[in-house]
Amino acid sequence: MIHENLKNKVIVITGGGGVLCSAFAKDLADQGAKIAVLDLREEAAQVVVDEINAAGGTALAVGCNVLEAESLEAAKAKVTAELGTCDILINGAGGNSPLGTTTKETLELSDIAEKAEGVKTFFDLDAKGIEFVFNLNFLGTLLTTQCFAKDMVGKQGASILNVSSMNSYRPLTKIPAYSAAKAGLIGMTKALAKEDSGKGVIVNAVSPGSVSTSANPDIDFAAENELSHMGRTALSVLSVVIIGV
């Protein structure tokens, strides 16, 4: 089904070179939208754009660091010059870090009393690693929204979609920093929805379940036709929740 309200809309997608957001980009391009695929790895964004353009769509690849205001402003200038001002912003850039991840699913008293080599518990998590995870998932979304949403205020049909995670509601084990950062993103979405209430911008968050990628191979198959333990756990909470006002 073609959604006419998406035709010719300029949609900016951060993290657009990844598995989930590249699918967003391709599906929205099929609706006739003009897609700006932003990614830290411009070559990954270009792969997605080449596929969209080859299928008759309109897309632009832009290398961008969502944690740097100058990079965001440069990306915005390029998108505006080639596609027009942003109508819909999808904040999909995010991720985790090993420095914010434990090695075991549950804490045991022996992990504290007898520190084993290679074991990292909640009490061993690195503050810099946790900061990186929060910056990437929370601050990156905030800075990107500050940059692009100024042109969206007062537009008809303008919308912001933040990509959170089911981990914000039912965290998987081993990833406390990621789960907390995504929960913070839900809070920011609600706050921004109220802030922009009556200004023409709809703000929502989508919370997908776990997606198997090169960044989280532990949720994939442990053996042929057999899910790993993490995969079974992920499927037990697999859902999509939309939050907004």
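Which handedness, right-handed or left-handed, does the crossing of H3 and H5 have? The crossing of H3 and H5 is right-handed, where a crossing is called right-handed if the near helix is turned clockwise from the far one by less than a right angle, and left-handed if anticlockwise. This is a predicted model, in which local features need pLDDT of at least 70 and side-chain atom pairs count only at pLDDT 80 or more, while totals for chains, interfaces and linings use all residues. Residues are numbered from 1 along each chain as its sequence is written, and side-chain values use heavy atoms, with hydrogens and water left out.

**Overall make-up**

- The protein has 7 helices and 9 strands, these being DSSP runs numbered from the N terminus, with helices (H or I) of at least four residues and strands (E) of at least two.
- Of the 245 residues in the protein, 45% are buried, a class defined by a relative accessible area under 20%, with exposed meaning over 50% and partly exposed in between (1.4 Å probe, protein chains only).
- Among the contacts between residues at least 6 apart in sequence, 67% join residues at least 24 apart, a contact being heavy atoms within 4.5 Å.

**Packing of H3 against H5**

- Helix H3, residues 69–82, and helix H5, residues 127–149, pack at an angle of about 35° with their axes 10 Å apart; axes are lines fitted to C-alpha atoms, for helices over the stretch in contact, and angles run from 0 to 180 degrees between N-to-C directions.
- On the H3 side the contact involves Leu72, Glu73, Ala75 and Lys76, which meet Leu143, Thr144, Cys147 and Phe148 in H5.
- The residues of this contact of H3 with H5 divide into 5 nonpolar, 1 polar and 2 charged, where Ala, Val, Leu, Ile, Met, Phe, Trp, Tyr, Cys and Pro count as nonpolar, Asp, Glu, Lys and Arg as charged, and the others, Gly among them, as polar.

**Salt bridges**

- The structure holds 5 salt bridges, each defined as a side-chain nitrogen of Lys or Arg within 4 Å of a carboxyl oxygen of Asp or Glu.
- One of them joins Glu51 and Lys26, whose closest N and O atoms are 3.1 Å apart; since Glu51 lies in helix H2 (residues 42–54) and Lys26 in helix H1 (residues 19–30), the pair ties together parts that are 25 residues apart in sequence.
- Both partners of that pair are partly exposed, Glu51 at 43% relative accessibility and Lys26 at 26%.
- Another salt bridge is formed by the side chains of Asp151 and Lys76, at 3.4 Å from N to O, and this pair links distant parts of the chain, with Asp151 in the loop between H5 and strand E5 (158–163) and Lys76 in helix H3, 75 residues apart.
- Lys76, which also takes part in the contact of H3 with H5, is buried with a relative accessible area of 14%, whereas Asp151 counts as partly exposed at 28% relative accessibility.
- Within helix H5, Glu131 forms a salt bridge with Lys128, the closest N and O atoms being 3.7 Å apart; because the two residues are 3 apart in the helix, they are separated by about one helical turn.
- Glu131 counts as partly exposed at 39% relative accessibility, while Lys128 counts as exposed at 61%.

**Aromatic pair**

- The structure holds 1 aromatic pair, formed by Phe122 and Phe123 in an edge-to-face arrangement, with 5.6 Å from centre to centre and 85° between the planes.
- Rings of Phe, Tyr and Trp (its six-membered ring) pair if their centres lie within 6.5 Å, and planes under 30 degrees apart count as stacked, over 60 as edge-to-face and the rest as tilted.
- Phe122 is exposed, with a relative accessible area of 56%, and Phe123 likewise counts as exposed at 55% relative accessibility.

- Gly92 is placed in the loop between strand E4 (88–91) and helix H4 (109–113), and at 18% relative accessibility Gly92 counts as buried.
- Apart from its neighbours within four places in sequence, Gly92 is in contact with Thr14, Gly15, Cys21 and Val163, and its C-alpha atom is separated by 8.6 Å from that of Asn137, which is 45 residues away along the chain.
- Phe24 is placed in helix H1 and counts as partly exposed at 22% relative accessibility.
- With neighbours within four places in sequence again left aside, Phe24 is in contact with Ile13, Ile90 and Val163; Phe24 and Ile13 are 11 residues apart in sequence and 8.3 Å apart from C-alpha to C-alpha.
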